[in-house]
Protein chains: 2
Amino acid sequence: MSQNRLLLKRDIKEKKELVNIEMDRYLPRKDEYPKQIHKAIRHTLFAGGKRLRPYLMIHTYRLFANDIRKILPVAGALEMLHTYTLIHDDLPEIDNDEYRRGKKSCHAVYGSDIALLAGDSLLVFAIELINSAEIEDKLKIQLIRELCEATGHRGLIAGQLVDIESEGKKVNEKVLKYIHTNKTGRLINLAIRFGCLLSEASEPETNNMKVFGDKIGLAFQIMDDILDIEGDKEILGKSIGKDNQSQKATYPAMNGLEKSRQKAENLIEEARQRLEKYGEKGLYLDLLANFILTRKY
Amino acid sequence: MSQNRLLLKRDIKEKKELVNIEMDRYLPRKDEYPKQIHKAIRHTLFAGGKRLRPYLMIHTYRLFANDIRKILPVAGALEMLHTYTLIHDDLPEIDNDEYRRGKKSCHAVYGSDIALLAGDSLLVFAIELINSAEIEDKLKIQLIRELCEATGHRGLIAGQLVDIESEGKKVNEKVLKYIHTNKTGRLINLAIRFGCLLSEASEPETNNMKVFGDKIGLAFQIMDDILDIEGDKEILGKSIGKDNQSQKATYPAMNGLEKSRQKAENLIEEARQRLEKYGEKGLYLDLLANFILTRKY
């Protein structure tokens, strides 16, 4: 493992710890009545995961500001929001996925009824966590507004819906882009946007980082789809080939593996250029962007 | 129909119109892409319903303040939140109910996947509507905080969960009360609480109205369970006897019809006493409380 990779791995672990502590502190104990819901929430939330969205938010914030303590509740909110989408997506009526983050998915352990409610709870928790942060009311309102926009019927939910509708159909590039932008891209962009809002970054800086987010978001999705085809169940921790089997719309399915990988590489190259102006401060975002291309899980 | 009943009916219709217009204005057209989600949302939201929670909020507000226009978005948010719970509760993994508000339930028409996402959307919409209201940021934050508390793992979701866990089991009065308080009672109390917060009612008035809410909430649930046993499908518009068939925990199942009706009557009597001090201003809330005892639907 190269020195840079080691540096990144250590930093991801460190930030993940901070976010986990924040979420753990906020969530009820797993033996709080009614127990099942609290156990189910913790099951998926703490099943693993790199905390990629909080990580992006924290390091975007650090480009323009310092003390990260006050933003940790918002970082936790992003992870809870992400986990809510995972739990609902895995339900039998949507992707019917039995594995997630290397463990049995929430409904596979606790049943679909509890998993449904656990997902709902996490969406509510995400908003509560933002509300609990020690930031100004005006900023809270803006964060909640943007979280709702990214999550709702023109965001994640729209992406999920079009994904469902496209299953088994031949979709064109435009539809595929719509799904990508709204499913994976949306939360990655929200994380970067939150980092900018919380650090009061200028408009040009915010726009610059938005482009960075667009590019790594799409690259992440393409690599995810490639990994889904090439991957190994034990490494990735979710059911492999599932997206392919059910004929989901994916970039590699449409353009082939070679062309897809090249596209991801170009996107990451363009994204990294956006960081050059930040010098040393952009190091971890740069390492992370590069990691997207080489990750095996 | 007595004159009072006519008065109430007309006023419910009038307020319902106002709330419907507000929600309609805020929601995307049903042909907005992706269509299915917007059709599904409107299907259940506009399938009927008395808009009881907005009605309670509006008339509580009017005890202490006048112009109701600025609070209509919040009234709409309450109805959306309520409809989110209906759609998710009706899903096959929870109550598996094919009918709601006299029509086919959301999942029965659009499928469970779309219904799940429609429910999620409505929860997000509820928060967005509060955010869109022309009220101070501080008040918005408080409303969103209390909405989350009422909805989350210690509110509606907890009530629903304990309800699921109690199915087919003999439950004691304490558990039954927990379910009632958190399932039906919670949103009724939230509506009254919102009316007080928006009108800046004093603490003693807010406490007085909380007691009113506790009592009508419980009476409403008891009467709902009685209607479920005695009711007629065409009138009530949902599958009758369902709660009973599946051995759900209900007050009449535990205490018999006669005793249950008496209990509801006492609660309404006590609730109405809380309104006496408001004189003429409390008229519609008084009529509504009385209506809970006599409603056939």
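**A helix pair and its surroundings**

A: In this predicted model, H10(A) and H15(A) are roughly parallel to each other, because their axes cross at roughly 25 degrees and an angle under 35 degrees counts as such. Helix H10 covers residues 203-230 of chain A and helix H15 covers residues 283-294 of chain A, and their axes come within 9 Å. The crossing in which H10(A) passes H15(A) is left-handed. From H10(A), the residues Ile216(A), Ala219(A), Phe220(A) and Met223(A) meet Ala289(A), Ile292(A) and Leu293(A) of H15(A). By class, the residues of this contact are seven nonpolar, with no polar and no charged ones. In general, residues three or four places apart in an α-helix point the same way, because there are 3.6 residues a turn.

Turning to the contact between the chains, chain A contributes 39 residues and chain B contributes 38 residues. On the side of chain A that touches chain B, the elements giving two or more residues are H2, H6, H7 and H8 of chain A, and H6(A) gives the most, with 13 residues. That side of chain A divides into 20 nonpolar, 10 polar and nine charged residues.

In chain B, helix H8 (residues 156-166) is largely enclosed by the rest of the structure, because nine of its 11 residues are buried; among them are Leu156(B), Gln160(B) and Asp163(B). The cover over these buried residues includes H2 and H6 of chain A, together with H4, H7 and H9 of chain B. Just after H8(B), Gly168(B) adopts a positive phi of about 75 degrees.

Conventions
Residues are numbered from 1 along each chain as its sequence is written. Chains are lettered from A and ligands numbered from 1 in the order in which they are written. This is a predicted model: local features need pLDDT of at least 70, side-chain atom pairs count only at pLDDT 80 or more; totals for chains, interfaces and linings use all residues. Axes are lines fitted to C-alpha atoms, for helices over the stretch in contact, and angles run from 0 to 180 degrees between N-to-C directions. Helices (H or I, at least four residues) and strands (E, at least two) are DSSP runs, numbered from the N terminus. Angles under 35 degrees count as roughly parallel, over 145 as roughly antiparallel, 65 to 115 as roughly perpendicular and the rest as oblique. A crossing is left-handed if the near helix is turned anticlockwise from the far one by less than a right angle, and right-handed if clockwise. Two residues are in contact if their C-beta atoms, placed from the backbone, lie within 7 Å. Ala, Val, Leu, Ile, Met, Phe, Trp, Tyr, Cys and Pro count as nonpolar, Asp, Glu, Lys and Arg as charged, and the others, Gly among them, as polar. A residue is buried if 20 or more other C-beta atoms lie within 10 Å of its own, exposed if 12 or fewer, and partly exposed in between; C-beta atoms are placed from the backbone.
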